[in-house]
Structure formats: C-alpha cells, structure tokens
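Colleague: I'd like to learn how to read a fold like this one, feature by feature. Could you take me through it?

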Amino acid sequence: MKRLLSLISVTMLTVTLGVSSAFAQTENYVAIGDSLAAGQTPYQEIDTGYSDLIAMRLGLMGQIGHYTKELAFPGFTTTDVLERVLSVEASELLANATLITISAGANDLLRLVQVNPTAGTLTFSQLQTDYALNVARKNMVEILAELKTRAPHAKVYVMGYYFAYPNVHASQKEGTNKQLVKLNTILQQQAQQAGATYIHVYDAFGLQATNYLPNSSDVHPNFEGYRQMANAFLKAYSGSDVLAIASEELPKPNPMTFKEIIEKQGMAEQSPVESTQESVAIAHRIQGFSGYIAFIEKAREIQYS
C-alpha cells in the first residue's frame, strides 16, 4: 500500500511539474483569423470555438490574464487577416499579447471550390487555386513578419486545417483534398521559417469526419470538432495530453445569429444607461466580440446585402 501511495505521489508530482513548466506566465491570448477563430457553427451562428475552449482551459488553470477574438471574423482571407493585423485597433492587443493563434488560408482556397451537396460533387479550377495558394503563402509571410514586430512578447501558433467535405462522394475528395494538403504544407513551412509553431488538425478529422461536420452544406465544425482543434493546440502548447479537454467538459451550446448580435448592439446604442450592461451580456455570450465595431459593420453588410 505504501509503495502504491508513493507511486501515485510521484505520478501526481510529474503531472504537476509538467503543467507548471507549460505555464511560466499568465497569458494575454489573442485569437486571429477566420470563422474558425471566431467560433462559427455549422448553422450560420457564433458560439464557442476552438479559441474559446483554449481560453477556457487556460482560465481554469488560472493562466489567462486577457483573452479576445476581436481580430477574427467569418470570411476573412489571408489578405483580410493581414489588414486586421496592421490596423490601429490591433496595435494595443498585439503589443500586450503573449499568446497568439492564427487561422488563415482556408477562405483563400475554399471560396474557389464549387460544392453541390445534393449531388455530392466538388469542382474547382487548378489555375485559380494555384494562384490563391501563392497569395496565401505571400500573405502568411507578411502576417508572421508583422507579428514579430507588433507582438514581440507572443508565442505564435499557426492552426492547420481539416478536410471540410466529408459528405461528398469518395471519388470527389481526392482533388480538393490535395489542394488542402498543399495549403497545410504552406502554413507549416511559413510557421517554421518564422519561428512559430504549426498545429496539425488534419489527422484528427480525416476524410470521413461527418461526426464533426454535421451540415453537408457547411464547412464549420460542431463543438466536438472544435474540441479536437483545441486539444491539438493544447498538446503542442503543454507538450503532452495533460490539458486535453474531455467531451463532458464542453460548455452547453449558446449560439447567436448575426441578426441577434445586431439587435443586441442596437439595444445597447438606444439605451445609453444600459449600454455597459448590454456590452457585458454580448461579451458573455460571444466571448471576445464586445466592442467589436468592425464585426457589427460587417454583420450588417451581410444581413442587408
């Protein structure tokens, strides 16, 4: 019994030391990028995404000083992300950041893929995708170079992508998957050259991940898919699976549509006395979007376009 207790003590000490080494400082976490960084659901809503889950896990460890996904927005290409990084609004966030994740590149590529979910087919122009991939490469070089200057204290992690069309016919997957692999290779190469860390998420999804991508007409994952992405980051961040998030730890869904976001913002603007309370309410439901003027403007554009 004493030997068993001793072994348990040693195991617990090892885990504790492993966790402690991963958390040398309280993190100021900034999530940058596209709809995955923003937490878009498979049903055109905003909810908890991988960056929220990362912040949740680090927060439970007492290791989050500040977290925002203000620099993320659905539909952002690498060009949009670069512009956002260079914006005045980003300056203070990046200057104080100690941890940054980036999701950028998928919209450069996937907007060129024509999907027919009913027929289960995918089509694209190789010439257009080659051009888009080269643009993504050049933009990632600039994004990572700017972050070195604008976020000098930050550890930077570049998120890879998963195959987003598990519901199409098997014969249709090869060509588009090949382009995705090229994109991931570009992201990994640029991350390594810039001294950033690349996060592999492709293998966790594979080509058949209908359990993570439930809407055949949409490329965004559910909570379980975002959990896979968050856990891939947490493993790279801590060096082990000690921080992995279990399914039962996932928060309850609490999505907001763009229309609801606009209505909440409108209520806050119409009632100055309650504006602070409304901002807090929005921040509670859409972590990181409080005060995000650009988000509201783009959401309005989407609603009225």
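This is a predicted model: local features need pLDDT of at least 70, side-chain atom pairs count only at pLDDT 80 or more; totals for chains, interfaces and linings use all residues.

Colleague: How many helices and strands does the chain have?

Modeller: The chain comes to 13 helices and nine strands.

Colleague: Is Thr 77 buried or exposed?

Modeller: The cut-off for buried is under 20% relative accessible area. Thr 77 has 8%, so it counts as buried.

Colleague: Which residues does Thr 77 contact, if I skip its neighbours within four places in sequence?

Modeller: That leaves Asn 107, Asp 108 and Arg 111.

Colleague: What about another loop residue, say Gln 44: where is it found?

Modeller: Look in the loop between helix H2 (35–38) and strand S2 (45–46). Gln 44 comes out at 46% relative accessible area, so it is partly exposed. Check its backbone too: phi is near 60°, a positive value in a residue other than glycine.

Colleague: Now the sheet. In what order do the strands of the five-stranded open sheet run?

Modeller: Read across it as S3-S1-S4-S7-S8, with parallel pairing. S3 and strand S8 (197–199) are at the edges; each has a single partner strand, so one side of each has no neighbour in the sheet. From one strand to the next, the twist averages 20°.

Colleague: How many bridges join S7 and S8?

Modeller: Strand S7 (residues 155–159) pairs with S8 in the parallel sense over three bridges. If you want a residue pair to click on, Tyr 157 has Thr 197 in S8 as its bridge partner.

Colleague: And which strands does helix H8 touch?

Modeller: Helix H8 (residues 170–194) packs on the sheet and touches S7 and S8. For the angle, compare N-to-C directions on a scale from 0 to 180 degrees. The direction of H8 makes about 155° with that of S8.

Colleague: Zooming out, what share of the chain is buried?

Modeller: Buried residues are 47% of the 305 in the chain. For contacts, take those with a separation of 6 or more: 78% of them join residues 24 or more positions apart.

Notes:
Residues are numbered from 1 along each chain as its sequence is written. Side-chain values use heavy atoms; hydrogens and water are left out. Helices (H or I, at least four residues) and strands (E, at least two) are DSSP runs, numbered from the N terminus. Buried means under 20% relative accessible area, exposed over 50%, partly exposed in between (1.4 Å probe, protein chains only). Contact means heavy atoms within 4.5 Å. Two strands pair if DSSP finds at least two bridges between them.
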